[in-house]
Amino acid sequence: MEVVAGIKVPTFMESGFVELESKVIGKGKCCFCGACIAFCPRIEAVDDVPQLVEYDALCGMCYTHCPRSFIDIPAIEEEVFGQTRADELIGVKNGIFAARGNDPTLKKSVQDGGVVTGLIRYALDKGVLDAVVATGLSDEAPWKPVPVVLTDSSDVKKVTGSKYSLSPAIVGVKEAIDAGFENIGFVGLPCNIQALRKIQVSTEPYQIGIEKVKLMIGLFCMENFRYADLMNGFVRKVLKVDLEDVVKFAMREGSFWVETADTTYSVLIRDLDQYVAEGCRYCADFTAELSDISVGSVGSDHGWSTVIRRSELGTKIFEDAIADGYIELGHTTGTDLIKGLSRRKKERTA
Ligand SMILES: Cc1cc2nc3c(=O)[nH]c(=O)nc-3n(C[C@H](O)[C@H](O)[C@H](O)COP(=O)(O)OP(=O)(O)OC[C@H]3O[C@@H](n4cnc5c(N)ncnc54)[C@H](O)[C@@H]3O)c2cc1C
């Protein structure tokens, strides 16, 4: 191993998919972010697991980019934010706010306050970004998440709302780069953001165009699920709810909510423990600590979002979106709950 900017980088012959397979996938640590699949033509998703489909030249890119192989958080913070965190549980921050999106036509389709959607709309309308990679729904299976590249804010409904399954979000980044976009935004979970930051700060000479990703919006996340386990195993088989009938899923106040047109089902999140994706048990990041701006529901009243501004760019875009009327500010309920969940997530991986 070579150490570059404080990050251990495997040298050419040390690693390839073999190492990814033995140290990450085989150990149940894979979070299916898609970082390995996106940039290597020899790796494909087979049943939502990365699999080598062709001889691996041992280039090591997949292992280097994987958020579960190794990660030096302070080195990334130094490079991205120009400082390391003073707040162990929340990460580098420049203010915490309650806010919500201002478009009344989207209120029913957004997950919480619709801040993520407000930021996407603002950035695309004003030309701050020319594409945003977010997560929509597959045509092939109900509620199966897929990466979507948005270029027009009028399409934003394709990605509103939370989908509680792992999705190879980074594959969407590759699509956006290949399509020639120069100013790309990304919305994703803490593991997705970790992968993108690792790629961004890597000094390996992989020419993949990552510099075109300008803004990363991270979501709070305590845990996620494999589609086959939560949607097929729990919602269909245990709850006996047809996925086609579900209008919204939510995780709020300790419960998992499943809403159909006429019934709302709820179950304690702790009772879903057996369905949690194994790879999520290795994640210590609740608030997407490496993003430019993080958004979650915990810490604000129902119908509002909690926003953690982190980088200069994240701060500017949030302020500009407020000034232009895309987002309005409210009152946070404090940081105790956020810190409590962050502590719990860190302790369970320690
Ligand atoms: C799996 C998961 C677990 C979460 N756990 C928590 C939690 O424990 N506590 C908490 O406070 N908040 C959690 N959140 C975040 C919360 O559900 C909302 O996404 C957040 O509050 C933003 O709300 P919003 O109204 O601004 O979102 P919207 O404006 O509706 O936008 C939602 C955005 O989420 C993205 N998205 C949806 N599903 C996925 C996915 N599977 N992978 C990547 N991106 C996705 C979409 O691209 C969309 O842009 C979780 C989200 C997810 C997807």
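**Notes on the core and the sheet**

1. Start with the largest nonpolar core: it has 82 residues, and V132, V133, L150 and V173 touch the most other members. Here a nonpolar core means buried Ala, Val, Leu, Ile, Met, Phe, Trp, Tyr and Cys residues joined through C-beta atoms within 7 Å. Buried means 20 or more other C-beta atoms within 10 Å of a residue's own, with C-beta atoms placed from the backbone. Helix 5 (residues 115–125) gives the most to this core, seven residues. Helices (H or I, at least four residues) and strands (E, at least two) are DSSP runs, numbered from the N terminus.

2. A quick caveat: this is a predicted model, where local features need pLDDT of at least 70 and side-chain atom pairs count only at pLDDT 80 or more, while totals for chains, interfaces and linings use all residues. Residues are numbered from 1 along each chain as its sequence is written.

3. What does V133 contact, leaving aside its neighbours within four places in sequence? The partners are P147, V149, A169, G172, V173, A176, I184 and F186, where contact means C-beta atoms, placed from the backbone, within 7 Å.

4. Strand 6 (residues 131–137) and strand 8 (residues 184–188) pair in the parallel sense over three bridges. In strand 8, I184 is the bridge partner of A131.

Methods: A residue is buried if 20 or more other C-beta atoms lie within 10 Å of its own, exposed if 12 or fewer, and partly exposed in between; C-beta atoms are placed from the backbone. Two residues are in contact if their C-beta atoms, placed from the backbone, lie within 7 Å. Two strands pair if DSSP finds at least two bridges between them.
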